Amino acid sequence: MENKVIKIEYLYHSGYTIETEKYFLVFDYFRGDISIPKDKPVIVFSSHGHPDHFNEEIFRWSRENPSITYVLSDDINIHSTESIKRMSPYEKLTVFDVLIETLGSTDMGVSFLVKVDGASVFFAGDLHWWYWDDDSKGEKRRMETAFKDEISRLKGQSIDLAFFPIDPRLGDFFHLGGEHFINEIHPKKLFPLHFGDNYNVIGEFINKMGAIDTQIIEIAHRNQLFEV
């Protein structure tokens, strides 16, 4: 990552904004306070159509900034236009000079690998090791295989900023996906996703991981700001 300040704001659940020198990115907004800048290009990402990752309110933002581009998973039922790009897994797209690549998910939609202003950003969406205690052994094996296969596609990538689910609903198994992702990919910083209002699970994950090279960012409240 180039030596430039990047501003990151946690919105709610899986929603974040990333502001670089030239761009303002929004990921998986569905609720919360947000301010859309009028003085730089905006790219809005939605990884899939689940209502906790996608809200049609995002299209109203174009009234504030007409230079918004929307990059949506193709499971979201909306027509593509000049400003709305729909992507399937394993596709590439360039918006302005931002390079966007999609990977798959272990639920719906896509995950995003974004190269912007010298930084490499991975946003997982619902790509996770969903280990539900009441699943059958076969279902658990299939999920583990699908998840690990998808993460293996990132091998060799240098990830500056990763956004990855740390979901407390998984109980004792909440750490499996994040632990495997960190051990395999070694992102420089990891921002948690998909934890709702359960901020305590982030501290539990940090303690579970122990001494690692990746910095896990601890979130304390909505609209928390970070500079990296």
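Helix α1 (residues 137-152) and helix α2 (residues 176-185) have axes that come within 10 Å and cross at roughly 30 degrees. That makes α1 roughly parallel to α2, since angles under 35 degrees count as roughly parallel. The model is predicted: local features need pLDDT of at least 70, side-chain atom pairs count only at pLDDT 80 or more, and totals for chains, interfaces and linings use all residues. Residues are numbered from 1 along each chain as its sequence is written, and side-chain values use heavy atoms, with hydrogens and water left out.

- Axes are lines fitted to C-alpha atoms, for helices over the stretch in contact, and angles run from 0 to 180 degrees between N-to-C directions.
- Helices (H or I, at least four residues) and strands (E, at least two) are DSSP runs, numbered from the N terminus.
- The crossing of α1 and α2 is right-handed.
- On the α1 side, F147, K148 and I151 make the contact (heavy atoms within 4.5 Å); on the α2 side, G177, H180, F181, E184 and I185 do so.

**Aromatic pairs**

- The whole structure holds 24 aromatic pairs, where rings of Phe, Tyr and Trp (its six-membered ring) pair if their centres lie within 6.5 Å; planes under 30 degrees apart count as stacked, over 60 as edge-to-face and the rest as tilted.
- F174 and F205 are edge-to-face, because their ring centres are 6.4 Å apart and their planes are at 70 degrees.
- This pair links distant parts of the chain, 31 residues apart: F174 lies in the loop between β11 (161-165) and α2, and F205 in helix α3 (residues 200-209).
- F174 is buried at a relative accessible area of 7%, and F205 is buried at 0%.
- F191 and F226 also form an edge-to-face pair, with 5.6 Å centre to centre and 80 degrees between the planes.
- F191 is in strand β12 (residues 189-193) and F226 in strand β14 (residues 225-227), 35 residues apart.
- F191 is buried at 0% relative accessibility, and F226 is buried at 16%.
- One aromatic cluster includes F191 and F226, with Y10, Y16 and F27 also among its members.

Technical notes
Angles under 35 degrees count as roughly parallel, over 145 as roughly antiparallel, 65 to 115 as roughly perpendicular and the rest as oblique. A crossing is left-handed if the near helix is turned anticlockwise from the far one by less than a right angle, and right-handed if clockwise. Buried means under 20% relative accessible area, exposed over 50%, partly exposed in between (1.4 Å probe, protein chains only).
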